[in-house]
Amino acid sequence: MSKRNVDLTSKEWRDLVFADKNKEFGAYQLRKDSDKRHNLAALFTLIGLIVVFFLIVAYSKYSDYKAEKDAIALQEQREKMAAAELLQQEDEPEPEPEPEEQKFEQPEIEIPEEVLATVQVTQIAIVDADQVKNEVMDMETQKEDNTARGVVNQEGSDDADKFKAVQEQVVVKEPEPEKPKEEEIFQAVEQNAEFPGGQAALMKFLKDNIRYPEAAQQNDIQGRVIVRFVVEKDGSIGQITIMKGVDKDLDREALRVVKKMPKWQPGKNNGVAVRSYFNLPVTFRLQQQ
């Protein structure tokens, strides 16, 4: 038999090797069953490789599916936020021109200056007789005369008490200090006021705190209430009003929840916090059974 044609796994080779030997010893049986074992091992290896391959393919498909699902969820969230911002812009009323403050100036009342009539006191001087112009009045005559005496002759009131009273009434009135102007509330700002945590946190706050009024549930009343308020420079909420109401119970509940909100991040212009308006839609919707 040629060496090239020898098949070590063939039955002929096995019988030749174990010729004239005890075939019940065990080695013969092992050599006899070796083909079967080799085939089973190869089969199980192949099956294992196929299972691993399918597991890898399945994991890859699952990863792609999960990534696609996450991308769709993120896109839906962005669309909801964009829709909410668009709704806010649509519902925001046009700013009404503030009426100009009319200033009324107090007309100045001119009080005529009260002048006391006086008669020039005659001064004594030694002159010639033909140069005397004013008659000299003796002291007794001056005491009986109620005319006020002065250095010159002057026309005016003869009532000295009235003159004194008028002089006491003439008081210089100081101008009143201007009242400080209330700080402007902006309809639109460069950086909008924001609920702490953003839009998602605001939606969660409304969902956790809104209590649907029982009367509205029984009467199947639902809708959207638009609440307008001012975000102060320190983030506090003030001047809360209902811009668009649905029902008195729903309106009252929307006001209650807005008053309960924590401080916001105030709106800013040029990086400086300012007072600004904010319109918040609060939706009440009954679940369909």
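## A tour from surface patch to sheet

Start by selecting Leu40, Leu43, Phe44, Ile47, Val51 and Leu55. Together they make a nonpolar surface patch of about 560 Å². Keep in mind that this is a predicted model.

Now pick out Phe44 from the patch. Is Phe44 buried or exposed? Phe44 counts as exposed, because its relative accessibility is 56% and the cut-off for exposed is over 50%.

Next, move to the sheet. Four strands form an open sheet in the order E3-E8-E4-E5, and their pairing is mixed. Select residues 185-186 for strand E3 and 237-244 for strand E5. These are the edge strands, each pairing on one side only.

In general, strands of a sheet pair through backbone hydrogen bonds.

Zoom in on two positions along this pairing. Show Ile226 with Lys244, its bridge partner in E5. Then show Arg228, which stands opposite Thr241 in E5.

Follow the chain through the turn. E4 and E5 form a hairpin, with five residues between them. Stop at Gly235 in that turn: its phi is positive, about 90 degrees.

Last, stay with E4 and E5 and bring in helix H7, residues 248-260. What does H7 touch as it packs on the sheet? Helix H7 touches E4, E5 and strand E8, which spans 275-284. Compare directions too: that of H7 makes about 35 degrees with that of E4.

Conventions: Residues are numbered from 1 along each chain as its sequence is written. This is a predicted model: local features need pLDDT of at least 70, side-chain atom pairs count only at pLDDT 80 or more; totals for chains, interfaces and linings use all residues. Side-chain values use heavy atoms; hydrogens and water are left out. Patches are made of residues with over 30% relative accessible area and no salt bridge: like charges are joined within 9 Å, nonpolar side chains (Val, Leu, Ile, Met, Phe, Trp, Tyr) within 5 Å. Accessible areas come from the Shrake-Rupley method with a 1.4 Å probe; for residues, only the protein chains shown count as cover. A salt bridge is a side-chain nitrogen of Lys or Arg within 4 Å of a carboxyl oxygen of Asp or Glu. Buried means under 20% relative accessible area, exposed over 50%, partly exposed in between (1.4 Å probe, protein chains only). Two strands pair if DSSP finds at least two bridges between them. Helices (H or I, at least four residues) and strands (E, at least two) are DSSP runs, numbered from the N terminus. Contact means heavy atoms within 4.5 Å. Axes are lines fitted to C-alpha atoms, for helices over the stretch in contact, and angles run from 0 to 180 degrees between N-to-C directions.
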